[in-house]
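Hi everyone, thanks for making time today. Please have a look at the structure on the screen, and then I'll walk you through it.

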Amino acid sequence: MRKRNIQIIVRLNAKEQQTLAKQVKKSGLSQEAFIRSLINGYVPKELPPPDYFSMTRELHAIGGNLNQIAAKANATGHIDKTVFQYEANRLRKAVQDIIEAITAPERRT
């Protein structure tokens, strides 16, 4: 059985329909998911730019490299753990900020 079995018919004029279609296309959501987000108090964000995912992959690769450097440095004893931890935290926060800024829906005001 469907989760959503109540159907609502909404009539729009041509301009409203065009505006809705543009916003739906920018979000990458289906029209139904877009409208449900609005009903639940969220304004869906636009799709991230095409290079967004390559940027985040690159940042994650840098993080992996930092982990390898840390492992090697710990084995040889030639690194300041505080400095490394600070940089690793900065990288983690940067990745999270990018993801949040580009993909997370914002609460409507």
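Predicted model: local features only at pLDDT ≥ 70, side-chain atom pairs only at ≥ 80, totals over all residues.

Residues are numbered from 1 along each chain as its sequence is written, and side-chain values use heavy atoms, with hydrogens and water left out.

Let's start inside. A nonpolar core here is a set of buried Ala, Val, Leu, Ile, Met, Phe, Trp, Tyr and Cys residues joined through side-chain atoms within 4.5 Å. Buried means under 20% relative accessible area, exposed means over 50%, and partly exposed is in between, with a 1.4 Å probe and protein chains only. The largest such core has seven residues: Leu 59, Leu 66, Ala 70, Phe 84, Ala 88, Leu 91 and Val 95. Helix H3 (52-76) and helix H4 (81-103) are the elements that give two or more residues to it, and H4 gives the most, with four. Helices (H or I, at least four residues) and strands (E, at least two) are DSSP runs, numbered from the N terminus.

Now, what does Leu 59 touch, leaving aside residues up to four places away in sequence? Its partners are Leu 91, Val 95 and Ile 98, where contact means heavy atoms within 4.5 Å. Also in helix H3 is Thr 56, which is buried at 8% relative accessible area.

Tyr 52 and Phe 53 are edge-to-face, 4.8 Å centre to centre with 75° between the planes. Tyr 52 is buried at 3% relative accessibility, whereas Phe 53 is partly exposed at 46%.

Out to the surface: is Val 10 buried or exposed? Val 10 is exposed, with a relative accessible area of 60%, and sits in the segment before helix H1 (14-27).

Last, Arg 108 lies in the segment after strand S2 (106-107) and is partly exposed at 42% relative accessibility. Beyond four places in sequence, Arg 108 touches Leu 38, Ile 39, Gly 41, Tyr 42 and Val 43. From Leu 59, Arg 108 is 49 residues away in sequence and 30 Å away in space, C-alpha to C-alpha.

Conventions. Phe/Tyr/Trp six-rings, centres within 6.5 Å; stacked < 30°, edge-to-face > 60°.
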